[in-house]
Amino acid sequence: MVERGRIKTLFIAGCAMLLITGCAGNTSAQKASVQEHVSASDTTTLSSVMTVDGETVTKEEYQMLLEGYTAQIKAQFSTDQANAPDFWEMQTEKGTPLDMAMALAKEELLQKKTVAAMLKEYQPDTATDYDSIISQMGQGSDDSYGPRAFDGKDYYDYVYAGFASELLEYLKSDVTV
């Protein structure tokens with residue numbers, strides 16, 4: 001029983017360390033507001049806004065996640081406030097609603113991209129970038145169960161849930177109980 005608790009503690013500590021090292025490696029991009037970080041010589045990643053643990057985040061991916069938090073942020077305010085023309089720039093004790101949504105989107109990106117980076121340790125050929133994921137969306141199977149079609153956000157979440165499941169299975173196979 002003590003051995004099982006020790007393994008569980010080591011597993012959690014290891015995941016936390018990987019998450020922390022993934023976050024610590026790119027603090028300047030995390031502190032910056034949403035803007036493109038593009039150098040003149042780097043024309044291949046023109047839509048890249050940040051990098052999380054070696055995983056690139058595109059402008060389209062970031063905007064998709066940011067839009068997903070619109071209703072959640074607006075629900076924290078009155079109808080009059082949420083419908084105001086300057087709502088996203090309105091100052092509150094927690095900052096602007098835009099800052100609040102950006103923080104939630106960045107947190108989700110940190111979780112997803114860290115899982116993707118960890119999965120690449122076990123499956124180096126796994127395509128985890130946004131463009132590859134979205135291009136695979138139309139290549140569904142002819143299964144007779146499950147959803148027949150996804151929108152971009154649902155498919156993106158579906159793929160990253162699969163990445164998390166695969167990573168968990170690899171981590172379980174590495175640990176002997």
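This is a predicted model: local features need pLDDT of at least 70, side-chain atom pairs count only at pLDDT 80 or more; totals for chains, interfaces and linings use all residues.
Biologist: Let's start with the layout. How many helices and strands are there, and in what order do the elements run?

Modeller: The protein has eight helices and two strands. Reading from the N terminus, the order is α-α-β-β-α-α-α-α-α-α. Among contacts with a separation of 6 or more, 60% are between residues 24 or more positions apart.

Biologist: What makes K113 and E61 a salt bridge?

Modeller: The closest N and O atoms of K113 and E61 are 3.0 Å apart. A salt bridge needs a Lys or Arg side-chain nitrogen within 4 Å of a carboxyl oxygen of Asp or Glu, so the pair qualifies. K113 sits in helix α6 and E61 in helix α3, 52 residues apart, and the pair links distant parts of the chain. Both K113 and E61 are buried. In all, the structure holds seven salt bridges.

Biologist: What about K153 and E108: why is one called partly exposed and the other buried?

Modeller: K153 has 22%, so K153 is partly exposed. E108 has 12%, so E108 is buried. Their side chains meet in a salt bridge at 3.5 Å, N to O. This pair also links distant parts of the chain, with K153 in helix α8 and E108 in helix α6, 45 residues apart.

Biologist: And K172 with E169: where do they lie, and how do you know that they count as partly exposed?

Modeller: K172 and E169 both lie in helix α8, three residues apart, about one turn of the helix. An α-helix has 3.6 residues a turn, so residues three or four places apart point the same way. Their side chains meet in a salt bridge, 3.5 Å from N to O. K172 has a relative accessibility of 47%, which falls between 20% and 50%, so K172 counts as partly exposed. E169 has 47% too, and therefore E169 gets that label as well.

Biologist: Turning to helix packing, why are α3 and α8 called roughly perpendicular?

Modeller: Their axes cross at roughly 100 degrees and come within 11 Å. E61, M64 and L65 of α3 make the contact with G152, K153, Y156 and Y160 of α8.

Biologist: Which residues of α3 are buried, and what covers them?

Modeller: In α3, which spans residues 59–68, E61, Y62, M64, L65 and L66 are buried. Their cover includes β1, β2, α4, α6, α7 and α8.

Biologist: Which residues touch the most other members of the largest nonpolar core?

Modeller: Those are M50, V57, Y62, L109 and Y156, in a core of 32 residues. The elements giving two or more residues to this core are β1, α3, α6, α7 and α8, and α6 gives the most, with nine. Beyond its neighbours within four places in sequence, Y156 is in contact with E61, M64, L65, L109, K112, K113, Y130 and I133.

Biologist: What makes the phi of D53 worth a look?

Modeller: Most residues other than glycine have a negative phi. D53 is not a glycine, yet its phi is positive, about 50 degrees. D53 is in the loop between β1 and β2. At 33% relative accessibility, D53 lies between the 20% and 50% limits, so D53 counts as partly exposed.

How values were computed:
Residues are numbered from 1 along each chain as its sequence is written. Side-chain values use heavy atoms; hydrogens and water are left out. Buried means under 20% relative accessible area, exposed over 50%, partly exposed in between (1.4 Å probe, protein chains only). Helices (H or I, at least four residues) and strands (E, at least two) are DSSP runs, numbered from the N terminus. Contact means heavy atoms within 4.5 Å. A nonpolar core is a set of buried Ala, Val, Leu, Ile, Met, Phe, Trp, Tyr and Cys residues joined through side-chain atoms within 4.5 Å. Axes are lines fitted to C-alpha atoms, for helices over the stretch in contact, and angles run from 0 to 180 degrees between N-to-C directions.
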